[in-house]
Amino acid sequence: MKKISLILFALTLSFVACKNDKKDTKTTEKETVETEKFVVKPEATSVKWTAYKTTDKVGVGGEFTSVKFETKTGSTPQEALNGLDFSIPISSLFTNDATNTRDAKIKASFFGVMLDTDFLKGSISYVNDTCVASLTMNGVTHDIPLDVKIEEGRRVTLTGVMNLKDWNALDALASLNKACFDLHKGADGVSKTWEDVAIEVSTFLRKN
């Protein structure tokens with residue numbers, strides 16, 4: 001009888017221990033889900049642009065190879081991006097030009113004739129599925145509405161179009177067109193540099 005009692009007691013302890021283990025596992029899993037964060041990091045972010053030349057509106061692509069901001073976290077992609085302040089060095093402009101002259105012309109003849117020529121600065125607002133970048137350039141701050149595409153839950157692409165007249169940059173545009181006059185001629189012999197520039201920002205939101 002004593003042996004039977006001991007066996008029953010051992011089984012009872014084993015059952016309680018298993019039950020507690022399952023409870024602890026569920027609690028841990030729940031805590032993991034609750035504490036997971038989306039993180040925006042500079043090294044996972046790219047800023048590309050497309051400008052246009054000739055009356056046929058031929059695209060000329062480029063990028064800024066450096067973007068600066070403090071690592072930002074949030075419980076959702078929207079929360080991680082909302083309120084993100086950024087700074088882009090003009091010196092990081094790169095167009096992959098084989099002649100190695102285009103980058104220098106853009107820096108000198110376009111950005112070089114503006115105010116505050118070292119950085120583009122701004123912030124992103126992402127509220128109620130509406131995303132806007134507030135960009136400061138040439139001493140002027142103006143908003144760029146952005147379309148948002150989120151793939152795989154973490155890969156984010158923001159696209160928009162800026163019109164240079166909104167930043168009082170038409171004089172800078174004319175300066176660039178003068179520097180690139182022959183290169184911006186089309187088949188009709190007209191040299192033209194367009195006011196609109198397409199922007200694409202891509203980032204991968206890592207887990208915290």
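Which residues have the most contacts inside the largest nonpolar core? The views below take up that question and then turn to other parts of the chain.

The model is predicted, so that local features are given only where pLDDT is at least 70 and side-chain atom pairs only at pLDDT 80 or more, while totals for chains, interfaces and linings use all residues. Residues are numbered from 1 along each chain as its sequence is written, and side-chain values use heavy atoms, with hydrogens and water left out.

**View 1. The chain as a whole.** The chain holds four helices and twelve strands, helices (H or I, at least four residues) and strands (E, at least two) being DSSP runs numbered from the N terminus. Of its 208 residues, 35% are buried, where buried means under 20% relative accessible area, exposed over 50% and partly exposed in between, with a 1.4 Å probe and protein chains only.

**View 2. The largest nonpolar core.** This core has 41 residues, and those with the most contacts inside it are Phe64, Phe110, Phe111, Leu120, Met137, Met162 and Leu164. Strand 8 supplies the largest share of the core, with four residues. A nonpolar core is here a set of buried Ala, Val, Leu, Ile, Met, Phe, Trp, Tyr and Cys residues joined through side-chain atoms within 4.5 Å. Leaving out residues up to four places away in sequence, Phe110 touches Lys105, Leu164, Ala169, Ala172, Leu173 and Leu176, a contact being heavy atoms within 4.5 Å.

**View 3. The largest pocket.** The volume of the largest pocket is about 820 Å³, and among the 46 residues that line it, Trp49, Phe64, Phe111, Val197 and Ile199 lie nearest its centre. Strand 2 (residues 45–53) gives the most to this lining, with seven residues. The lining divides into 35 nonpolar, six polar and five charged residues; Ala, Val, Leu, Ile, Met, Phe, Trp, Tyr, Cys and Pro count as nonpolar, Asp, Glu, Lys and Arg as charged, and the others, Gly among them, as polar. On a 1 Å grid over the protein atoms alone, a cavity is a set of points where a 1.4 Å probe fits but cannot get out, and a pocket is an open set with protein on both sides within 12 Å along at least five of seven lines, while lining residues have an atom within 4 Å of a point. Grid points are joined across faces, edges and corners, and a volume is the space filled by probe spheres set on the points.

**View 4. The largest cavity and Ile90.** The structure holds one cavity of 30 Å³ or more, and its lining includes Ile90, Phe111, Leu120 and Met137. Ile90 sits in the loop between strand 5 (84–89) and strand 6 and is buried, because its relative accessible area is 5%. Although Ile90 and Phe111 are 21 residues apart in sequence, they lie 7.7 Å apart in space, C-alpha to C-alpha.

**View 5. Two loop asparagines.** Asn96, in the loop between strand 6 (93–94) and helix 3 (102–110), has a positive phi of about 55 degrees although it is not a glycine. Asn96 counts as exposed because its relative accessibility is 62%. Asn168 lies in the loop between strand 10 (155–163) and helix 4 (170–179), and its phi is also positive, near 50 degrees. Asn168 is exposed, with a relative accessible area of 56%.
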